[in-house]
Amino acid sequence: MCEKIKKVNSWLGTVFGDQAVPQFEVNTRTVDILYQLAQSSEARCSDTALLIEDLKQKASEYQAEGAHLQDVLLQGAGLSCASLSKSATDYLSSLVDNAMVLGVRDTSLCSFMPAVNNLTNELLEAEKSNRRLERDLRALRKRLGATLVLRSNLQEDKNKTVKSQSVESAKAEERLLSMGFVTRKTKEFSNTRERAEAQLVSRNMDKSITHQAIVQLSQEVTALKQEIIPLKKKLEPYMDLSPSPSLALVKIEEAKRELAAIDSQFEMNVDFK
């Protein structure tokens, strides 16, 4: 742990230089993170230094090769930079720039052709990839449009559902209130009925004068009246006959007996109630 803290402090001092190192909480987690950052930074710095050395070496090689080619031109063809025309100098500069862009070691045709072919292949691959990306983009836009439409429909359905649920909730609450009111009233009526029945029992009221008993008695009276109607119809043919004392007495006695039987049955029913 102490070694890590020393390395972190050294690395932070190198990074901030003359500036003050910001304060931070020293614990295992922060030290481990800063230690990993220090190692990564040192590794990158080492790689960068190696790359710089390699570039310096290549630059030295290019300078040596350029000096050699210049000597060859001066000794073999008697040419120098001062003896070339402006057009020739421009051409040579363009040739050198192209060689640097293509990354070739020299400006010979054997070096340029493979580099141009590779660049052409890369261009074709890039165009092919671009077309594929365009197809994918069009398909993605189409799916995105369908998704947006679906999202809009779902949002509309959601709004309708929320509105419907709100209405149904209000109706359900109203029904609950109504049910509560009905329940309370039913309970009140039940209590009132029980108190009334208790009062009637305490007063020894005759059950024969209750509403239910009176309704039943009225139904029985109506039934007896219906039974009397056929008897009256039997007497109708005899109403137009000439008076016969003996026959009239017999018929009167029969009618009296039938009426007495009906009255007796009626009184029995009334007494029973």
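Student: Why does K185 count as partly exposed?

Tutor: Its relative accessibility is 32%. Partly exposed lies between buried, under 20% relative accessible area, and exposed, over 50% (1.4 Å probe, protein chains only). So K185 counts as partly exposed. Before going on, note that this is a predicted model: local features need pLDDT of at least 70, side-chain atom pairs count only at pLDDT 80 or more, and totals for chains, interfaces and linings use all residues. Residues are numbered from 1 along each chain as its sequence is written, and side-chain values use heavy atoms, with hydrogens and water left out.

Student: What makes K185 and E188 a salt bridge?

Tutor: Their side chains meet at 3.6 Å, N to O. A salt bridge needs a side-chain nitrogen of Lys or Arg within 4 Å of a carboxyl oxygen of Asp or Glu. The pair therefore meets the definition. K185 and E188 are three residues apart in helix α4, so about one helical turn separates them.

Student: How many salt bridges does the structure hold?

Tutor: Three. One of them joins D54 and K58, also at 3.6 Å, N to O. These two are four residues apart in helix α2. E156 and K160 form another, with the closest N and O atoms 3.7 Å apart.

Student: Is K160 called exposed or buried?

Tutor: Exposed, because its relative accessibility is 54%.

Student: What makes the nonpolar surface patch?

Tutor: V21, F24 and V26 make it, with about 220 Å². Patch residues have over 30% relative accessible area and no salt bridge; nonpolar side chains (Val, Leu, Ile, Met, Phe, Trp, Tyr) are joined within 5 Å, like charges within 9 Å. Areas come from the Shrake-Rupley method with a 1.4 Å probe, and for residues only the protein chains shown count as cover. V21 has a relative accessible area of 33%, so it passes the area cut-off. V21 is found in the loop between α1 (2–16) and α2 (28–77).

Student: Which residues form the positive patch?

Tutor: K128, R131, R132, R135 and R138. Lys and Arg count as positive. R131 sits in helix α4 (residues 109–202). Its relative accessible area is 45%, so R131 is partly exposed.

Student: Which element has the highest mean pLDDT?

Tutor: Helix α4, at 86; α6 (residues 245–272) has the lowest, 70. The score is the predictor's confidence in each residue, from 0 to 100. The protein averages 78, and 81% of the residues score at least 70.

How values were computed: Charge placed at Lys NZ, Arg CZ, Asp CG, Glu CD.
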